[in-house]
Amino acid sequence: MQPGGSSKPVGELKEAIDKKFGSFEEFKKEFEEAGKGQFGSGWAWLVINDGELEVISTKNQDNPILEGKQAILGNDLWEHAYYLDYQNARAKYLEEWWKLVNWDVIEERYQKAGTCK
């Protein structure tokens, strides 16, 4: 996670997101809703589940591996990740967080997952 690289999905991941969610904007909405809907500490994830993209959230320290899913993007929803800058405004944190995602790296993870055709 760092500024730089592509600010939106690229390559085959972009195609997969558009196919699954309709658009990048629709994917972002679903991801943010997963984050806002997580009560207390946890994570929002973009995962690969049986070869398909999926947005999920997990509580506390749980992760997608426990469910047999492969994470390619995760957002830390524990208060330590955002409280100093955003206080209780988790929704604002989720909106601003996208500025740090380097989609070139996420594309590499997607490619390494071996799901692309």
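This is a predicted model: local features need pLDDT of at least 70, side-chain atom pairs count only at pLDDT 80 or more; totals for chains, interfaces and linings use all residues.
Figure 1. Residues are numbered from 1 along each chain as its sequence is written, and side-chain values use heavy atoms, with hydrogens and water left out. Helices (H or I, at least four residues) and strands (E, at least two) are DSSP runs, numbered from the N terminus. Within H5 (residues 103-112), Trp103, Ile106, Glu107 and Tyr110 are buried. Viewed down the axis of H5, these buried residues fall within an arc of 105°, so they line one face of the helix; the arc is that of the directions from the helix axis to the C-beta atoms. Buried means under 20% relative accessible area, exposed over 50%, and partly exposed in between (1.4 Å probe, protein chains only).

**Figure 2. An aromatic cluster.** Look here for Phe21, Phe24, Phe27, Phe31, Trp97, Trp98 and Trp103, which ring pairs link into a cluster. Rings of Phe, Tyr and Trp (its six-membered ring) pair if their centres lie within 6.5 Å; planes under 30 degrees apart count as stacked, over 60 as edge-to-face and the rest as tilted. The whole structure has 12 aromatic pairs. In one of them, the ring centres of phenylalanine 24 and tryptophan 103 are 5.6 Å apart with planes at 90°, so the pair is edge-to-face. This pair links distant parts of the chain, with phenylalanine 24 in helix H2 and tryptophan 103 in helix H5, 79 residues apart. Both phenylalanine 24 and tryptophan 103 are buried.

Figure 3. A salt bridge is a side-chain nitrogen of Lys or Arg within 4 Å of a carboxyl oxygen of Asp or Glu, and the structure holds 8 of them. Glutamate 25 and lysine 28 meet in one (3.9 Å, N to O). Glutamate 25, at 42% relative accessibility, counts as partly exposed, whereas lysine 28, at 17%, counts as buried. Lysine 29 and glutamate 26 also form a salt bridge (3.3 Å, N to O); both lie in H2, 3 residues apart, about one turn of the helix.
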